[in-house]
Amino acid sequence: MSGTLILVRHGQSEWNLKNLFTGWRDPGLTEKGHEEAKEAGRKLKARGFRPDIAFTSVLSRAQVTNDHILRELGQEDLETIRDQALNERDYGDLSGLNKDDARQKWGEEQVHIWRRSYDVPPPGGESLKDTGARVWPYFLHDVLPHVLRGETVLVAAHGNSLRALVMALDGMSGEEIVKTEIGTGVPIVYRLNADSTVASKEILED
Ligand SMILES: O=C(O)[C@@H](CO)OP(=O)(O)O
């Protein structure tokens, strides 16, 4: 066995609450979102996790979530690497639109395909496959080496950048990933083997 990889989606954002496609737009967290992020930190502290390094995106909702977690752990000065590769999927022309309005305009099925399919991109944006094509190489090159050295690594990111990561780690098919949702502020803890396969996975839900 090698190290531990902790994935956390940011707490609820203002645009999650307003039901808007967000992607690379940069709204802040709601009160509930701040609380969810702190709770993620408390859960990790209660289980004795102490990250050696943290990674996050260049979007504030993920960075603030990372800050809350580190503060709860008493590790606010921990080295944190920010990279665009961990950003949310780019929702292209859908960014800023209301998801219910989009369903009215294009139909329930089409909107679900854009939101959850593996390889159908929304107009002007990234499919999950496109998102994985930047998240996975970054993970392999920058994040995984820390885990394989036996470290505990925190990644605070986004619903779809984490879906891409989980899909690859769990070896899911394009059909399986359609049903996979990542909850806001819910830590997902992987222990990886020395050959980088998954030894165990635990979702720290209430
Ligand atoms: O709007 C977004 O960027 C994402 C995450 O909030 O939404 P969805 O769950 O529809 O992929």
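The structure is a predicted model. Its mean pLDDT is 97, and 100% of the protein's residues reach 70 or more. The scores for the model are ipTM 0.97 and pTM 0.97.

Of the 6 residues in S4, 5 are buried, so that the strand is mostly covered according to the definition of burial applied here. S4 runs parallel to S1, and 6 bridges join the two strands. Within this pairing, Leu 5 has Val 153 of S4 as its bridge partner. S4 also pairs with S2 in the parallel sense, over 4 bridges. Here Thr 56 has Ala 156 of S4 as its bridge partner.

Why does Ala 156 count as buried? The reason is that 32 C-beta neighbours lie inside 10 Å of Ala 156, and a residue is buried if 20 or more other C-beta atoms lie within that distance. Leaving aside residues up to four places away in sequence, Ala 156 touches Val 8, His 10, Ala 54, Thr 56, Ala 62, Thr 65, Asn 66 and Ile 69. Ile 69 is 87 residues from Ala 156 in sequence, yet their C-alpha atoms are 9.1 Å apart in space.

The description now turns to the nonpolar cores. The largest nonpolar core has 35 residues, and those that touch the most other members are Leu 5, Ile 6, Leu 7, Ile 69, Val 153, Val 155 and Ala 156. Both strands and helices contribute to this core: strands S1, S2, S4 and S5 and helices H2, H3, H6 and H7 each supply at least two of its residues. Ile 6 illustrates the contacts of one such member. Apart from residues up to four places away in sequence, Ile 6 touches Leu 44, Phe 49, Pro 51, Thr 152, Val 153, Leu 154, Val 155, Pro 187 and Val 189. There is also a second, separate core of 8 residues, among them Trp 15, Leu 20, Tyr 91 and Ala 102.

Finally, the ligand may be considered. Which residues surround the ligand? They are Asn 16, Phe 21, Thr 22, Gly 23, Glu 88, Tyr 91, Arg 115, Gly 159 and Asn 160. Sorted by class, this shell holds 2 nonpolar, 5 polar and 2 charged residues.

Methods
Residues numbered from 1 in each chain as written. Predicted model: local features only at pLDDT ≥ 70, side-chain atom pairs only at ≥ 80, totals over all residues. Near = placed C-beta within 6 Å. Nonpolar A, V, L, I, M, F, W, Y, C, P; charged D, E, K, R; others polar. Core = buried A, V, L, I, M, F, W, Y, C linked by C-beta atoms within 7 Å. Buried ≥ 20, exposed ≤ 12 C-beta atoms within 10 Å, placed from the backbone. Contact = placed C-beta atoms within 7 Å. pLDDT = per-residue confidence, 0-100. Pairing = 2+ DSSP bridges.
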